[in-house]
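Hi,

Here is the structure I promised to pass on.

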Amino acid sequence: MPKKRKKQPANATRGLITKVDPKSPVSEQYRTIRTNLHFASIDQELKTIMVTSSNPSEGKSTTIANLAVVLAQQGNSVLLIDADMRKPSVHYTFRCPNTKGLTTVLTKQASLEEAVFASDVENLHILTSGPIPPNPSELLSSKAMELMLTSAKVTYDFVLLDTPPVLAVTDAQVLGNICEGVVLVVSSGKTEVEQAVRAKDLLEKSKAKILGVVLNEKEVKQSQYYYYGK
Ligand SMILES: Nc1ncnc2c1ncn2[C@@H]1O[C@H](COP(=O)(O)OP(=O)(O)OP(=O)(O)O)[C@@H](O)[C@H]1O
Ligand SMILES: [Mg+2]
């Protein structure tokens, strides 16, 4: 994923280049990830997809939010779930309240229908994290979580999950076990090779199916943008 240039339109939504500038080369790259996901789903059901990375701040939330937007722009009905209860951010990205969310659904204080937020991107619904609980891993590994994903799959074409980093807490491994696919984000010049390998090993130990790796924050020379179809 090329590094975004600093200047964005004044009305830029936090990190959502696919929404504010769908024709940009960066948005085109997110559409390439979308195409690759479609190819990966030819022989298997691939509806529940999570994004993770080895460490904090490597671009997990940015990647999954933009992927949610390009899938919705293509006409798929999409639910984006903030399953990063350690550092939730989806409600900031989509500027929605976080009084209800995943934790409220898992603790049966609200139904999925009651807790989702219709974003201003057509076809894209958001389930924010909800109030942060003391026991995120327990909630994420509960039967309620599996049931919630099963019922979300009936309503939506794609259910995307943002998660915490693999090397920090077990949550991503827990979720990797119940999602149909995992996209691993690696940050150019930041992620250590050994750490990326360790994250991959941990995910595979939990029987996660790694679909591929997104290279984020790669410096791209202006002239190279030509090849992205500008
Ligand atoms: N391709 C990119 N170009 C420029 N900035 C980026 C890019 N990807 C992510 N960022 C910025 O880097 C910061 C961290 O990104 P993001 O929040 O997506 O990472 P994260 O892996 O979800 O972090 P955390 O582990 O804290 O949840 C954000 O400020 C985001 O806007
Ligand atoms: Mg994040």
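Predicted model: local features only at pLDDT ≥ 70, side-chain atom pairs only at ≥ 80, totals over all residues.

Residues are numbered from 1 along each chain as its sequence is written, chains are lettered from A and ligands numbered from 1 in the order in which they are written, and side-chain values use heavy atoms, leaving out hydrogens and water.

Ligand 1 has 14 residues around it (a heavy atom within 4 Å), and Lys-60, Ser-61, Thr-62, Lys-87 and Asn-216 come nearest. A polar side-chain atom of Lys-60 lies 2.7 Å from an oxygen atom of the ligand. Taken alone, ligand 1 exposes 630 Å², of which the protein buries 76% (Shrake-Rupley method, 1.4 Å probe).

As for salt bridges (a side-chain nitrogen of Lys or Arg within 4 Å of a carboxyl oxygen of Asp or Glu), the count comes to 7. One of them joins Arg-31 to Glu-28, with the closest N and O atoms 2.7 Å apart. These two residues are 3 apart in helix H2 (residues 25–40), so about one helical turn separates them (helices are DSSP runs of H or I, at least four residues). Arg-31 counts as buried at 18% relative accessibility, whereas Glu-28 is partly exposed at 31% (buried is under 20%, exposed over 50%, partly exposed in between; 1.4 Å probe, protein chains only).

Best wishes

Technical notes. Polar contact = N/O pair within 3.5 Å; in protein donor to acceptor, adjacent residues only side chain to side chain.
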